[in-house]
Amino acid sequence: MAYDAVAQSFKNELVVASTENLEAAQRWLDNLGALGASDLGEAWKAVAALAGDQPTQVVYAGSGMSTLTSTKSAKLVADAQAALAKAKVRIHALPLGPVQDAAFLADLTRAFSGTCRPVASADDAQEGVSDLMSDYAWPVYQKVQVRIEGVKTEEILPVQLPNV
């Protein structure tokens, strides 16, 4: 799936990551051109249509900055939740480049039980992708909570535990 002012899918359905499909996807990506501002809301709707009722893992690669609909993290996450309400989707993020909306991408991946592995430069890319693929492959406990009884506590950090 690629998006900017419109969302475009490589295929109309999910496909196996065979050598043939990977090569065809690379050719498809190489031929894409920029069409304007980013519309994440339309991208999530296209993802939902592509995923259907199948459990699906999504890797978002980009800055996280949506300029067409909003720049507010809460609105962008709410748009994703509305678009993906019926889909069984887990979203991971691979924020790319020196300018990233880290708050939005952290909120997005938390809302969809994924992980976020920022890549600020080419030097970080291999480690970021490797870490992300490790996260992607592991089974996950979601929305883990810890209860501490019998001990007075003032503040516990992190407030929200990551997936483990």
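This is a predicted model: local features need pLDDT of at least 70, side-chain atom pairs count only at pLDDT 80 or more; totals for chains, interfaces and linings use all residues.

Reply: Residues are numbered from 1 along each chain as its sequence is written, and side-chain values use heavy atoms, leaving out hydrogens and water.

Me: Why is Asn-21 called buried?

Reply: Buried means under 20% relative accessible area, exposed over 50%, and partly exposed in between (1.4 Å probe, protein chains only). Asn-21 has 17%, so the label is buried.

Me: What makes Pro-98 exposed?

Reply: Its relative accessible area is 79%. That is over 50%, so Pro-98 counts as exposed.

Me: How do you know that Val-151 is exposed?

Reply: Val-151 has a relative accessible area of 53%. The cut-off is over 50%, so the label holds.

Me: Why is the pair of Phe-10 and Trp-28 called tilted?

Reply: Rings of Phe, Tyr and Trp (its six-membered ring) pair if their centres lie within 6.5 Å; planes under 30 degrees apart count as stacked, over 60 as edge-to-face and the rest as tilted. Phe-10 and Trp-28 are 5.9 Å centre to centre, with 55° between the planes. They therefore pair, and the pair is tilted.

Me: What makes Trp-44 and Tyr-60 an aromatic pair?

Reply: Their centres are 6.4 Å apart, and the limit is 6.5 Å, so they pair. The planes are 45° apart, so this pair is tilted.

Me: Why do Trp-44 and Tyr-60 count as buried?

Reply: Trp-44 is at 3% relative accessibility and Tyr-60 at 6%. Both values are under 20%, so both residues are buried.
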